Amino acid sequence: MQVVGVTTQQELYIASRERKFVINEILVVEDQGRHNPRVEVVATQSFNRYIPLTTERNGLVDEKVLAGLQAVGYNVQEEELNLARARVIGEISTPVVVGSKVRRPAFSEVSQLLVRVSPAEGLVLGTIRGTENLVDELPEDLADVLCLCSPGGSVTSQEGVPFIFDYRSMDQYPHIGVFGGSGSGKSFGLRVLLEELMIKKIPGIALDPHYEMDFSVPFPGLPGQHYLDCPDRYRVFTVGVDVGVNFEELTSAELVALLGTGEPLSEAMAGAVFTIHKRKDSLQSFSDNVKDLINAMEDPRLTRTEPGGRRDPLEAQKAERYRDLSERYGTRVGGAGTLRGISWRLNALAEQGLFTAGTAAVEQAVLGRKLAIIRGPVRLLQTYAAYLFRRLYHQRRNYRDAVKRQDQAPEEWFPPFVIITDEAHNFALRGDREPASKRIIREIAQEGRKYGVNLILASQRPALLDDTVNAQLNTKLIFRTVRAADIAVIKDETDLGPEETGRLPYLNSGNAFISSAITGRSIPVRIRCTRTASPHSQNPFDELVEQSRAGDDKFRRVIKEHLPFPTFNAELHLTAIQEKLGAKISFNEILEKMRMLAAEGLLQVEKTPFGEQYILKEKSDEH
Amino acid sequence: MLLSNPVSDELKAINLALRKRIYAKEEIRERLARELGRFCRLSHFSQQEAREWAGGREVAAVDGSVNYLGALFPYILCIFRALARTTGGDRTAVTEVFSPLLPHHYRELTDLSREQDLDNELAVNIVKERKLVAFELQVAMETVVRKSPRLVIFDGGFVRYERHAPEAWSRYRQLALEKEIFSVGLIEEAGSFGLGRELNLAHYGNPVFDRELLLGLMEPGECFLVDFERYVKKPAFYTAFARLSRNPQAVAFDFFKEQARYASGVLNYLYTITPAGGRGVPLLLDIVDAEARISDREMDLLLEAYLDVEVRERFFAANRLRRDL
């Protein structure tokens, strides 16, 4: 291999007759004057000047010509030349000497570039692409630290140098973005991140609207030593069942957001909530106020004291309350209809159990350095999460601020933690609207670093994510992305060059570029095989086949006992078959299934003097 | 561009005159077949047939090239290069730089011009031809000795070798015949007029060249084999013609008279290794040609690297290259 053509202080071309270049591999240029720079291959080419591209000027070199030359010992295909475009890693101030020899590095020569921290100190996310040939030289602590997963789903051993993310540097460069279209391996990557957080016992809160964050099942085919057995490292909570809102701690704005779950409140309704809700209101007191105000507005007589005074002191007290409420709020809350709307919505949330449990259990999990997984219906989860994030973030902030101020009695310790969510653009949508979720996400994006609160935001649509938030994601895992708008955002927000962004639409599932202020350059990574399996990993079409095959098998087993099966007096069998199948199946349905089995070649139709009858096909292959 | 009437009129007249010189294809074919030889169809060798034909031996191709610097005698510099390459990848190359500015080269030249009674400038051309031919034969010889290939393909007719290096040529010929090495000289632009002469074709005393007759005369994959007892060029050679691709211009092939009976086998093989859509030259010869040639760019780089600017400017730079228009 040698440097050819024109070089610059950043780029050069390398040619080789013998060897094909591997995209992203790192090579050493033997140019003493520039201290033997390391270069990364960013584009590869092979060509054969004797088998040129067929154009109007170059004819096709027919196969017979190549065969004719091969017969006398000349393999024209071997005239192939390989060419690589490579980018200098780091900075040099003068161009590389043309003609310099180029060689593959030993691991020790590139270890500094590839591995910054040991697997014990960082998150092991995958292998660095282009380092496959270094695998044999890996020191013991870097060898066999992960498994890979082929596109077909089978597990293979580690091929390449592991990419280990130095999470401690998030102190300087906080927050991670995970971007990629559906099927790009983004969810897979997110799972890997979660597993690594659990291994390192970094507390976190992950939203799980799809009920897929379960870590109890090992990845099928994974060798035993790689399985992550971590039942005590995570806890699953469901909004409205074991986790909810402490109503007393709600701000009015949060209450408006909660009530607006599903459909935003009208301006009148929101105004009414702001008017009626007071700090430290309990669910009871707030809902009583609303209900009584409705009553008072619908029946003004209730606010009046009977002339001559009521006997019943309780009644009098009630009337006093109605009067008080309508005087305080009556003119400022719109009509009774508005209030009734608020009341309905409040009831609906209460029915969902949102107010029955607080956030204490989640806080306990975070304190115990666990990953808290929050499940619930998508819309509710989003509103709820805004509340939860704000609450936990403030606890952490208050503690740190107190420590900084050197308070005599600092707040109770609350640990740093990570917030993980998929479909993050729903939380912080680019644009003018400022829902509670966006405010808190943006606040953490901008200030979380100081308090050790980090975000891991995944999204299919980086272009839809709020700009401020996007700019704060100092590390980005970018999987296959097809949309031009998203690629444009990625171009703006990362150091990915035109070669890399050009490759984005074609990345294999599970391959990603990791662009990080921590590593300083974008690194192509093959994400490792997850240690645990998602409960939803079965292809729904496989499921369809599997389920219907199970049904068919059962039918076949039952029907076999009734062969030969005459179509002319099938009614005789009907009841027995129904019983055995445990299902009401009509005579026609049975016939139809029989015809299908016959069409598949599993049964045979035999003509008898009375009509047709089905018999078992000889040598039929029973599944 | 402005063309005055006389020029266009003259061109029209020439066009008319030349049109009269175009013979009817059928007539020429018929006469050739009747008087001189026969048309045959070539066939592609299968890989197996090619292997059997080669008998485990390789095929070699020989080519030479010359690059010039400067234009005005004696301010010239030539780089000669000859290359023989076998299909097994064996390469033999010779390179020499020649310039009349150097005393010993100048003497070589003046000796020749005195001997042949020529101007120095014309003698340069002869020296060039002689050297090129000598180098080509040198690499061919080495290859033949070392590799004993089945076939050696020369770029150009045999007449050149015989004229400019008769001794080396005869040594080569002897060795090739001894070792049963087929040799073929491929002439892309057939400058011979043997066919026209044999057919008694002439145009007001002007000979009719073979290439005129051959254009479009044959179908792709067809060849014209002259009867063995007839010769169209020199008694020592046997010449055949073939159209190896869709390109309408046929190519001429020189064989040793002694190997004439192997001509159709060799032609079949050459047909096999010629791209059907190309210019009708076997791929191997094109490959060797590309390797032997020093491209203009390489030439510039060489000269820039090894000649000082002053030397280049003082001795070789042509002022007309500085023209802007």
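Let me start with the interface: 24 residues of chain B are in contact with 18 residues of chain A, contact meaning heavy atoms within 4.5 Å. Before going on, this is a predicted model, in which local features need pLDDT of at least 70 and side-chain atom pairs count only at pLDDT 80 or more, while totals for chains, interfaces and linings use all residues. Residues are numbered from 1 along each chain as its sequence is written, chains are lettered from A and ligands numbered from 1 in the order in which they are written, and side-chain values use heavy atoms, with hydrogens and water left out.

Back to the two chains. The size of an interface is often given as the accessible area lost when the parts come together. Between chain B and chain A the buried area is about 1,600 Å², and carbon and sulfur atoms give 63% of that. Buried area here is the accessible area, with a 1.4 Å probe, that two parts lose on being put together, summed over both. On the chain B side, B:Gln47, B:Thr87 and B:Leu283 supply 29% of the area buried against chain A, more than any other three residues.

Which elements of chain B each supply at least two residues of the side that touches chain A? They are helix 3 (47-54), helix 10 and helix 11 (283-292). Helix 11 of chain B gives the most, with 5 residues. Helices (H or I, at least four residues) and strands (E, at least two) are DSSP runs, numbered from the N terminus. By residue type, the side of chain B that touches chain A divides into 12 nonpolar, 6 polar and 6 charged. In that division Ala, Val, Leu, Ile, Met, Phe, Trp, Tyr, Cys and Pro count as nonpolar, Asp, Glu, Lys and Arg as charged, and the others, Gly among them, as polar.

How many salt bridges are there between chain B and chain A? The count is 0, where a salt bridge is a side-chain nitrogen of Lys or Arg within 4 Å of a carboxyl oxygen of Asp or Glu. Polar contacts do cross the interface of chain B and chain A: 8 residue pairs, both residues at pLDDT 80 or more. A polar contact is a pair of N or O atoms within 3.5 Å; within protein, one must be able to donate a hydrogen and the other to accept it, and residues adjacent in sequence count only if both atoms are side-chain atoms.

Next, salt bridges over all chains, of which the structure holds 46. In one of them, A:Arg103 and A:Glu30 meet at 2.6 Å, N to O. A:Arg103 lies in strand 6 (residues 101-103) of chain A and A:Glu30 in strand 3 (residues 26-30), so the pair ties together parts that are 73 residues apart in sequence. A:Arg103 is partly exposed at 27% relative accessible area, and A:Glu30 is partly exposed at 35%. The cut-offs are under 20% relative accessible area for buried, over 50% for exposed, and partly exposed in between (1.4 Å probe, protein chains only).

Another salt bridge joins A:Arg87 and A:Glu499, with the closest N and O atoms 2.7 Å apart. A:Arg87 sits in strand 5 (residues 81-88) and A:Glu499 in helix 14 (residues 498-503) of chain A, 412 residues apart. Is A:Glu499 buried or exposed? At 15% relative accessibility A:Glu499 counts as buried, whereas A:Arg87 is partly exposed at 25%.

In chain B, the side chains of B:Arg173 and B:Glu258 form a salt bridge at 2.5 Å, N to O. B:Arg173 belongs to helix 7 (residues 166-178) and B:Glu258 to the loop between strand 11 (251-256) and helix 10 (263-272), 85 residues apart. B:Arg173 is partly exposed at 22%, as is B:Glu258 at 37%.

On cysteines, the structure holds 0 disulfides over all chains, a disulfide being a pair of cysteine sulfur atoms within 2.5 Å. The closest cysteine sulfur to that of B:Cys223 is in B:Cys40, 4.8 Å away and therefore too far for a bond. B:Cys223 is buried, with 1% relative accessible area.

Chain B as a whole has 13 helices and 11 strands. Of its 325 residues, 46% are buried.

Last, A:Thr131, in the loop between strand 7 (123-128) and strand 8 (147-149) of chain A. A:Thr131 is buried at 2% relative accessibility, and its side chain reaches the backbone oxygen of A:Ile128 at 2.6 Å. Not counting residues up to four places away in sequence, A:Thr131 touches A:Leu114, A:Gly160 and A:Val161.
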